[in-house]
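Hello,

Here is the structure I promised to pass on to you.

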Protein chains: 2
Amino acid sequence: MKARVTVMLKNGVLDPQGEAVHHALDALGFDGVNGVRQGKVILLELAETDAAAAEKNVGEMCEKLLANTVIESYSIEIL
Amino acid sequence: MKARVTVMLKNGVLDPQGEAVHHALDALGFDGVNGVRQGKVILLELAETDAAAAEKNVGEMCEKLLANTVIESYSIEIL
C-alpha cells in the first residue's frame with residue numbers, strides 16, 4: 001500500500017522558496033503567475049494492507065517527523 | 001486557476017533525502033515502511049482561466065525551471 005504525504009507551509013507563513021520560484025518565473029517571462037507556494041511530497045511504501053490503519057499510522061509519522069506542525073500543514077492520501 | 005506541480009526524482013535515481021526520512025522513521029519505531037521517496041510540490045496561482053492553456057504554460061515552466069528533467073519527472077494537475 002502506498003501513501004502520499006503533502007506538507008505545505010501554513011497560510012500566512014512566509015515562503016521564501018516559493019517567492020524565489022515566483023521571481024525566477026517572472027524573469028523567464030512567464031506572466032500571469034499570481035502566487036507560488038512550495039512544499040514537499042513524501043511517497044511512502046507501506047507493508048500495511050488496511051487503508052484506515054495505514055492512514056492512522058502515517059498521521060503519526062507526520063506529527064512526529066514529517067511535518068513541523070507549528071508552521072506546516074499536511075495532507076495524507078492513501079493510494 | 002490553480003495548478004499543482006509534483007516533481008519527483010526518476011526511478012533509479014538515488015534519493016538521499018528519502019533514505020534519510022526512511023532511517024529516521026525506523027529509528028522512531030515505525031516498522032512496515034518499505035520505501036520512501038521525497039519530492040517537491042509547487043502550487044501556482046495563475047491568471048489564466050483556460051485549463052488547457054494553463055496546463056501547456058505550466059508544462060513549459062516545468063521544462064525550463066521547475067524540474068531538472070535529466071533526473072526528475074513532473075506531473076501537473078489543474079485544480
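Below is what I found where the two chains meet.

First, the conventions: this is a predicted model, in which local features need pLDDT of at least 70 and side-chain atom pairs count only at pLDDT 80 or more, while totals for chains, interfaces and linings use all residues. Residues are numbered from 1 along each chain as its sequence is written, chains are lettered from A and ligands numbered from 1 in the order in which they are written, and side-chain values use heavy atoms, with hydrogens and water left out.

Let me start with how the chains are related. Chain B superposes on chain A by a rotation of 180 degrees with 0.0 Å of shift along its axis, at an RMSD of 0.0 Å (least squares on the C-alpha atoms of residues with pLDDT of at least 70 in both copies). That is the relation of a two-fold axis. In chain B, the C-alpha nearest this axis belongs to B:Lys40, at 2.1 Å.

Now the interface. Chain B brings 29 residues to the contact and chain A brings 29 residues (contact means heavy atoms within 4.5 Å). Of the interface residues of chain B, 100% are also interface residues in chain A, so the copies meet through the same surface. The buried area is about 2,600 Å², with 68% of it from carbon and sulfur atoms (this is the accessible area, 1.4 Å probe, that two parts lose on being put together, summed over both). On the chain B side, B:Phe30, B:Val41 and B:Leu65 lose the most area to chain A, together 21% of what that side buries.

Which element gives the most residues to the side of chain B that touches chain A? That is E2(B), with 14 residues (strands are DSSP runs of E, at least two residues, numbered from the N terminus). Strand E2 of chain A, residues 33-46, pairs with E2(B) in the antiparallel sense over 13 bridges (two strands pair if DSSP finds at least two bridges between them). Within this pairing, A:Leu43 stands opposite B:Arg37, and A:Glu45 has B:Gly35 as its bridge partner.

Inside chain B, E2(B) also pairs with E1(B), again antiparallel, over six bridges. There, B:Thr6 stands opposite B:Val41, and B:Val41 is one of the residues listed above for area lost to chain A.

Best wishes

Methods:
Helix = DSSP H or I, 4+ residues; strand = E, 2+ residues; numbered from the N terminus.
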